[in-house]
Amino acid sequence: MSDAKRPDAKDAVETQRLEKPEGAPLRNGWTTGACATAATKAAFTALLTGKFPDPVSITLPKGETPAFALAREGFDGESAYAGIVKDAGDDPDVTHGATVVATVTRLPPGSGIRFVAGDGVGTVTKAGLPIAVGEAAINPVPRAMMTAEIEALAQEHRVSPDVEIRISVPGGETIAQDTWNPRLGILGGISILGTTGVVHPFSCAAWIHSIHRGIDVARAEGLTHLLGATGSTSEKAAQNFHRLPDGALIDMGDFAGGLLKYLRSHPVPRLTIAGGFAKMSKLAQGALDLHSSRSQVDNRFYLSLPCAASLREHERGAVESANTAMEALEIMTAAGIDIAKAVAETAKKTAEGVLRDSGVSVDILVTDRKGTIIAHAK
């Protein structure tokens, strides 16, 4: 077994992020699926010719033809392998800098193309995902990309496209702990993902995609009550309150709209939304994206609620000039106003408005910073 490693490859990827001039546009990156495809092409080329193309170019679904430098390459008996360091561009991707390795082994004619999870790549254990239970967690588009490259090379060299493709990501099992994979029933490592091959910096699409897949898995398991929370503190409080299994927990984060709109067309009987007072205030105001850069709490909203009618003038002024939602909460609570309950009830109306006639029953839990439930609208 030989392994020609290039230890500077990861450093080169990181340097591109660190040396970006201030004010420069955000840089796109490449998905794990694109990296796996390039590594697969390099390894199969080496099996056919004895040489590894470096850099290796592939064709992405939208026609782009990026080139990837190899971080490692070698032969292992009847197999060849190649590795590529993932460059996620300026996206805060947990797999940035990981090495995606493809090991390609020729199979007897008629065997077809087989995908296998190597070290650090997960295996699907729950229904509801686009990959069958028991299969390597390599999504359909990356599989199609790798298949296309194998078939093109096989045709060029007049051989049968019958190979085993084993994708590995050293350290992937540890990386996966910072993803949704364990909750989705993908065990043993990360998933090989991507629909276009390109990672767009700070895209919301990946998070919303994970929300949708979480709902799909929960529905496939027959769960009837799901929980979407803005963070781990409110999630834990709501899970304990309703005694929900881990499979019912959907990582909603700031994307209330992504959760609600998908449930409108893929309903379950019951949904709980949980979050801190400020986030639930935004939902009550009608915001469906609760991120601080895309929606803000308007203190005048609190004063517009019927429960605020009894506030005295100086209390109204204090609420309007409050620096934070928590300060407004403290002022109104001290004045005998159950503003948390009013926010929960109004947030419930927002959620019901999005769910419309889906048949989903929704309740709202509001927590404080310590995870204590301070309001429940049901």
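Guide: Before we start, helices here are DSSP runs of H or I with at least four residues, and strands are runs of E with at least two, both numbered from the N terminus. Keep in mind that this is a predicted model.

Visitor: Okay, how many helices and strands does the protein chain have?
Guide: Going by those DSSP runs, both kinds of element turn up in the protein chain. The count comes to 13 helices and 18 strands.

Visitor: What share of the residues in the protein chain is buried?
Guide: To count as buried, a residue needs a relative accessible area under 20%. The chain has 378 residues, and its C-alpha atoms fill a box of roughly 85 × 50 × 30 Å along the principal axes. Of those 378 residues, the buried share is 51%.

Visitor: And among contacts with a separation of 6 or more, what share joins residues 24 or more positions apart?
Guide: Contact here means heavy atoms within 4.5 Å. Among the chain's contacts with a separation of 6 or more, the share from residues 24 or more positions apart is 67%.

Visitor: Let's zoom in on H2: how many of its residues are buried?
Guide: H2 runs over residues 32–49 and reaches 26 Å from its first C-alpha to its last, close to the 26 Å expected at 1.5 Å a residue. Just after H2, glycine 50 takes a positive phi of about 85°. The helix is largely enclosed by the rest of the structure, because the buried residues number 14 of the 18.

Visitor: Is threonine 40 buried or exposed?
Guide: Threonine 40 has its place in helix H2. Its relative accessible area is 0%, and the cut-off is under 20%, so threonine 40 counts as buried.

Visitor: Which elements are included in what covers the buried residues of H3?
Guide: H3 spans residues 140–157, with 18 residues and a reach of 26 Å, close to the 26 Å expected. Its buried residues include Met146 and Ile150, and both of these touch threonine 40. The cover includes helix H2, strand E7 (113–117) and strand E10 (163–168).

Visitor: How many disulfides does a search of the whole structure find?
Guide: A disulfide needs two cysteine sulfur atoms within 2.5 Å. Cysteine 35 is buried at a relative accessible area of 1%, while cysteine 307 is partly exposed at 25%. Searching the whole structure for disulfides gives 0.

Visitor: What volume does the largest cavity have?
Guide: The structure holds 1 cavity of 30 Å³ or more. Its lining includes Trp180, Ser210 and Asp251, and the lining divides into 6 nonpolar, 3 polar and 2 charged residues. H6 gives the most to that lining, with 4 residues. The volume of the largest cavity is about 100 Å³.

Visitor: H6 keeps coming up, so is arginine 213 in that helix buried or exposed?
Guide: Arginine 213 lies in helix H6. Leaving out residues up to four places away in sequence, it touches Leu129, Pro130, Leu184 and Tyr262. Its relative accessible area is 16%, and the cut-off is under 20%, so arginine 213 is buried.

Technical notes. Residues are numbered from 1 along each chain as its sequence is written. This is a predicted model: local features need pLDDT of at least 70, side-chain atom pairs count only at pLDDT 80 or more; totals for chains, interfaces and linings use all residues. Side-chain values use heavy atoms; hydrogens and water are left out. On a 1 Å grid over the protein atoms alone, a cavity is a set of points where a 1.4 Å probe fits but cannot get out, and a pocket is an open set with protein on both sides within 12 Å along at least five of seven lines; lining residues have an atom within 4 Å of a point. Grid points are joined across faces, edges and corners, and a volume is the space filled by probe spheres set on the points. Ala, Val, Leu, Ile, Met, Phe, Trp, Tyr, Cys and Pro count as nonpolar, Asp, Glu, Lys and Arg as charged, and the others, Gly among them, as polar. Buried means under 20% relative accessible area, exposed over 50%, partly exposed in between (1.4 Å probe, protein chains only). The expected span of a helix is 1.5 Å times one less than its number of residues.
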